[in-house]
Structure formats: C-alpha cells, structure tokens
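Here is a friendly walk through one protein model, written for someone who likes to know the cut-offs behind each term. Please have a look at the sequence and the structure before reading on.

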Amino acid sequence: MKTKRSFSALLNTLLVTFDFVGVYSAYILAFYVYKEWFGSSPQNFETIARLAVISAGLGVVAFFLSSVYRCQPGPLGLDQLRRLLAAYFWSGLVAFSLTFFTKSQGYSRLMVSSGFIVGILFVLVGRAIFVRVSKPIRSSYSLNRKILILGAGQVGKTLARNLLTSVGYHEVTGFLDDQYPQLQSVSIRVGEKDYFWPVLGKLSDLEKTCRSHRINEVIVAMTKAAQALHQDLFDKVKDLSISFSIVPSA
C-alpha cells in the first residue's frame, strides 16, 4: 500500500511538472516568435524567463487552490476542464496585472497575451499525452480512482458510458441500486463491445461498500426524489472523506 501511494505521488508530481513546463514553454516560445516577426523584443530573454517562471508558478498554485489536481474527470471530463480553465484564467490575469505594474520592463502586451493563450493549449495537450501514457501504468498498479455509481437506471448507465470513454485516472467499480438482489449487474454496449459492472448491493449498503472496496469517489445518478430519500446516506459518505458528486436529473 505504501508503495502504491508513493508511486501515485510520483505520477502526480510529474503531472504538476508537465503543467509548469507547459506554461513556461509557451511564454518562451512567444518571446522567440515575437523576436522573429518583429526583429527585436522590448525585453531580454532573462526578463521574459522570469515572467514565464512567475506565470507557470501562479498557474500551478491556482490549480492546487482550485482542486484541479484532486478533482478527477466526471462525464466527458467537463468538471475538471471547467476548474482548470477558471484557475488558469485567474492566474493569467494576475500575471498580466504584474506586467501592467512593471511598465519599466517594457513588456509587450501582445507577447504576454500570446504566451497566455498558447500556455493553456500546451497544458491541455501535455495533460492529454500524460494521461494516455500513465493510464495503463495506473491500471497495472491499481492506482486508478475507484468510482461507485448510485443508481443503475438509464442515468447511471449513461454516466458509466461517459466515464468509460472519457480520459482520466478512474474506473467504475460497480453500482448500488435498491433493485438488488434481483438486479445483479449492469451492462452497456460501446461500439461492438459489451461492458459489465456488478451491482454490489442496495443503497443502504453505501458505507459498507465504500469501506470494503476502497472507493475514492461516489457519483449519484438518481432522480431528485430518490436523492432526498437517501440524503442521510450521502452525509455518511462525506464523513469518510470520499469525493462526492451528483449528476443533475431532469
């Protein structure tokens, strides 16, 4: 267990490094492109390198404060993407403000803006590459986040399908549904392949299931009425320090 935690921490550290290098490289690239196009730059390399380090550092700090490194992708990864973009925007705004208050350095607003835009592209591309490379490693060492879905209806099946086809460090461990034990498994078809997950018990088994299967995240995929009925169970999950989210129901 200690080895797994150490290995997972190493991968997370590499992800932070990817983000930092992505933003830093974008500002350096913007400097050289600007210099190539206009023949000169209003500041030297050392000055823009300092700005690149500050911008990259602010970006990483903003990601930490916005729980980007803790939050895993939900359906289609939209939640993580929303957090990442919001955090990057605010960190870029701070970096841009710094250039405004240091006019003596002669920063080019065009260069800074270009570095900011290219930076988010580099971060997204770097993360996509990192996830593709690390996903089989995480799977081999059982490092993926284990997700438990509450509700085996159509909403739950759609959620499982989206999680299955989205990029991220996660795997669906199973479902809980009050139709258990009549309902033993959930199946969906993606392309030409069928996927199956077990129904591990009823909703009342939530706390026990989370402990026995070492669940990292619980996602509720039920109607509003069912969610209200089982609110006490959800409160127990929060006491276990497990990530908890709800799929909006119509």
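Predicted model: local features only at pLDDT ≥ 70, side-chain atom pairs only at ≥ 80, totals over all residues.

Residues are numbered from 1 along each chain as its sequence is written, and side-chain values use heavy atoms, with hydrogens and water left out.

**Overall make-up**

The protein has 8 helices and 6 strands; these are DSSP runs numbered from the N terminus, helices being H or I with at least four residues and strands E with at least two. Read from the N terminus, the order of elements is α-α-α-α-β-α-β-β-β-α-β-α-α-β. Of the 250 residues, 42% are buried (under 20% relative accessible area; exposed is over 50% and partly exposed lies in between, with a 1.4 Å probe and protein chains only). Looking at contacts (heavy atoms within 4.5 Å) between residues at least 6 apart in sequence, 74% join residues at least 24 apart.

**The sheet**

The 6 strands of an open sheet follow the order β3-β4-β2-β1-β5-β6, with mixed pairing; two strands pair if DSSP finds at least two bridges between them. The edges are β3 (185-190) and β6 (243-246), and each has a single partner strand, so one side of each is left without a neighbour in the sheet. From one strand to the next, the twist averages 30°. Strand β1 (residues 145-150) pairs with β5 (residues 217-220) in the parallel sense over 4 bridges, and Leu 148 has Val 218 in β5 as its bridge partner. Helix α5 (residues 154-165) packs on this sheet, touching β1, β2 (170-176), β3, β4 (193-201) and β5, and its direction makes about 55° with that of β3. For such angles, axes are lines fitted to C-alpha atoms, for helices over the stretch in contact, and the angles run from 0 to 180 degrees between N-to-C directions.

**Salt bridges**

The model has 4 salt bridges, each a side-chain nitrogen of Lys or Arg within 4 Å of a carboxyl oxygen of Asp or Glu. Among them are these:

| Residues | N to O distance |
|---|---|
| Asp 194 and Arg 189 | 2.8 Å |
| Lys 208 and Asp 205 | 3.8 Å |
| Glu 207 and Arg 211 | 3.4 Å |

Asp 194 is partly exposed at 37% relative accessibility, and Arg 189 is partly exposed at 43%. Lys 208 is exposed, with 58%. Glu 207 and Arg 211 share helix α6 (residues 206-212), where they are 4 residues apart, about one turn of the helix. Of these two, Glu 207 is partly exposed at 29%, whereas Arg 211 is exposed at 54%.

**Aromatic rings**

How many aromatic pairs are there? The count is 9, where rings of Phe, Tyr and Trp (its six-membered ring) pair if their centres lie within 6.5 Å, and planes under 30 degrees apart count as stacked, over 60 as edge-to-face and the rest as tilted. The ring centres of Tyr 34 and Phe 38 are 4.6 Å apart with their planes at 40°, so the pair is tilted. Both residues lie in helix α1 (residues 2-38), 4 residues apart. Tyr 34 is buried at 16% relative accessibility, whereas Phe 38 is partly exposed at 48%. One aromatic cluster is formed by Phe 31, Tyr 32 and Phe 45.
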